[in-house]
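Let's walk through how the chains of this model meet one another. Have the structure open as you read.

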Amino acid sequence: MNAVGAEVWLAMVTCFAAIFTQNILLTTFLGMCPFTSVSREVKTASGLGGAVIFVMTCTTLLNWLAYRYVLVPLELEFFRFILFIIIIAAFVQFVEMVIDRYSPKLYQSLGIFLPLITVNCAILGASLFMVIREYSFIVTIGWGFGAGVGWFLAIIAMAGIRQRLNESRIPEGLRGPGITLIIAGLMALAFIGFTGVLN
Amino acid sequence: MSPAKPTRQIMLDGLWRDNPIFRQVLGICSTLAVTNVVLNTLVMCVSLTLVTAMSCMTVSLLRDWTPKNIRMMVQTLVIAFYVIIVDLMLKAYWPQMSRNLGPFVGLIITNCIIMGRCEAFAGANPMRPAFIDGLFSGMGYSFVLLAISVFRELFGMGSLLGYNMPYFSTAYWDNWIIMVMPPGAFFALASIIWLCRSIKMRETKS
Amino acid sequence: MKDKPYYPIIYMFVITAFFSSILIGLAQLTRHRVEVNEQLGFERAVVQAFPEIQYQDNRQIHDIFTERFEKDDRIGAYRYKKDGQLAGYAVPFEGQGFWDKIRGIIGIAADCQTIRGVAFYEQKETPGLGARIDEDEFRRQFIDKKIEYSDEPIGIVPAARTLDDNKVHAVTGATQTSIRLEALMNRDIRAWLDAMQAKEITP
């Protein structure tokens with residue numbers, strides 16, 4: 001196998017791992033805040049999830065470029081926290097403007113979620129993980145996309161389950177966040193079960 | 001929020017009444033992942049509490065000069081400033097811990113609690129109350145996460161802060177492997193929220 | 001001043017410049033220390049891969065490392081010299097573990113067969129499970145095992161199985177870490193063996 005082929009293969013494995021076994025939400029708990037508040041309805045959850053996939057894939061790549069070609073040559077690696085946040089915020093703002101102008105319909109379904117994303121720790125977390133794990137550019141594509149899809153899957157599944165919870169009798173103190181967390185724990189168990197597939 | 005809130009009340013609010021974790025499960029993202037070992041959690045919580053207190057103080061100090069429309073940017077900058085200091089210090093003086101915590105130190109920046117306190121309290125109050133408010137909000141948050149980590153390390157590994165505990169490290173106790181894995185954090189947090197909410201409900205009823 | 005339209009821009013600029021300069025200063029102050037720490041972590045693992053070496057503190061680790069170890073790029077490993085004679089090789093290995101990268105060193109005697117020891121300088125496996133590969137109990141098992149010149153120079157097998165000369169017991173409950181560790185160690189040891197053979201450096 002040539003070098004690029006090996007990289008692409010690695011990117012696919014990373015993508016699969018990011019979706020299931022290393023799900024950014026269920027194993028590292030990033031993006032919990034919108035997770036508990038937005039996961040009440042499947043429709044809103046899928047809107048937010050879609051926006052996360054898109055923004056996460058693009059910003060990890062942008063941040064990879066910024067890190068590799070700006071921060072490393074300048075020896076300012078510790079500035080990545082600030083630079084990544086600025087890039088994420090600017091990107092989200094830019095996308096919001098573009099779809100507002102060219103596709104009002106998409107703006108209505110996706111646009112309202114974009115501001116929420118800037119403060120989503122999963123987005124920044126994905127970029128920080130990418131730096132620490134020293135991913136190459138191709139692997140970063142797989143990672144950013146996979147992490148986004150993993151988050152999407154988790155929030156959709158949660159919203160689906162929570163819609164049914166409305167009818168159930170739950171102890172008073174456990175209602176709301178409590179029961180959400182227990183379900184998330186059960187989901188995390190199921191997702192970790194995919195580990196064996198990776199060999 | 002009235003500006004003349006007595007110090008004692010600020011402390012109580014941060015620790016118990018307005019505790020952000022029980023109320024809305026806010027801000028756990030950056031820390032929950034490292035709660036499988038008490039020591040990591042402790043370092044993370046101390047960092048977070050210091051960053052919150054110092055950021056609140058700085059935001060409060062700058063409040064008269066900061067234009068309203070760019071205040072979020074200024075707050076992010078201030079928070080990031082303190083987080084980078086913590087990150088640099090850990091890297092230089094405690095490299096092992098810095099490796100253990102990995103990206104989670106950086107993720108303190110996106111912790112909703114800090115931004116929330118800066119926005120809700122520090123932006124409109126003098127430095128001293130702002131500092132105390134930040135400090136005690138951070139502590140209220142820390143005590144929940146520390147409780148989780150004690151739970152997880154003791155049941156999952158039979159030790160606390162790395163020291164083997166009597167009974168839990170003997171053959172009488174089977175380590176709950178699930179507790180050191182990620183799902184354990186969800187279950188531990190859910191139990192603690194359940195407990196505290198139930199106590200609170202009794203409080204409000206009586 | 002405050003109601004001028006350009007005030008926010010100047011304000012943001014001043015405040016960014018102020019905080020950034022403090023950070024850059026701090027980073028300069030700590031940079032050297034950070035680099036030393038990183039290098040030391042690696043050197044410690046190399047030295048620990050030969051448990052016969054005694055040392056007291058970090059300074060001594062560095063002295064021992066520079067004195068007795070010598071990098072050989074042809075084989076991607078370090079030669080270990082004792083009393084002026086070749087006494088073994090420190091072979092680095094690295095790869096993806098269950099959660100994150102695992103990096104370590106395996107010390108192999110000059111006969112290219114007997115394992116002297118194993119040490120890790122980076123791993124983020126689950127505490128209490130996979131992370132126990134870094135504990136003495138697991139690492140000590142490797143001492144005096146013999147690597148095999150095959151696709152699987154070493155083996156990490158479940159605790160119930162009996163051990164061959166090149167196998168050690170896995171940490172119970174850490175199946176994934178063990179599988180991956182075995183694979184990545186084997187790959188890098190094998191690459192080193194091949195390089196040794198190609199250069200005809202040893203028997």
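Chain C and chain B bury about 2400 Å² between them, with 80% of it on carbon and sulfur atoms; buried area here is the accessible area (1.4 Å probe) that two parts lose on being put together, summed over both. This is a predicted model, in which local features need pLDDT of at least 70 and side-chain atom pairs count only at pLDDT 80 or more, while totals for chains, interfaces and linings use all residues. Side-chain values use heavy atoms, leaving out hydrogens and water, residues are numbered from 1 along each chain as its sequence is written, and chains are lettered from A and ligands numbered from 1 in the order in which they are written.

Where does chain C touch chain B? In total, 25 residues of chain C are in contact (heavy atoms within 4.5 Å) with 28 residues of chain B.

Now turn to chain A and chain B, where the buried area is about 3100 Å² and carbon and sulfur atoms give 85% of it. On the chain A side, A:Phe29, A:Phe81 and A:Leu181 lose the most area to chain B, together 21% of what that side buries. This contact takes 37 residues from chain A and 39 residues from chain B.
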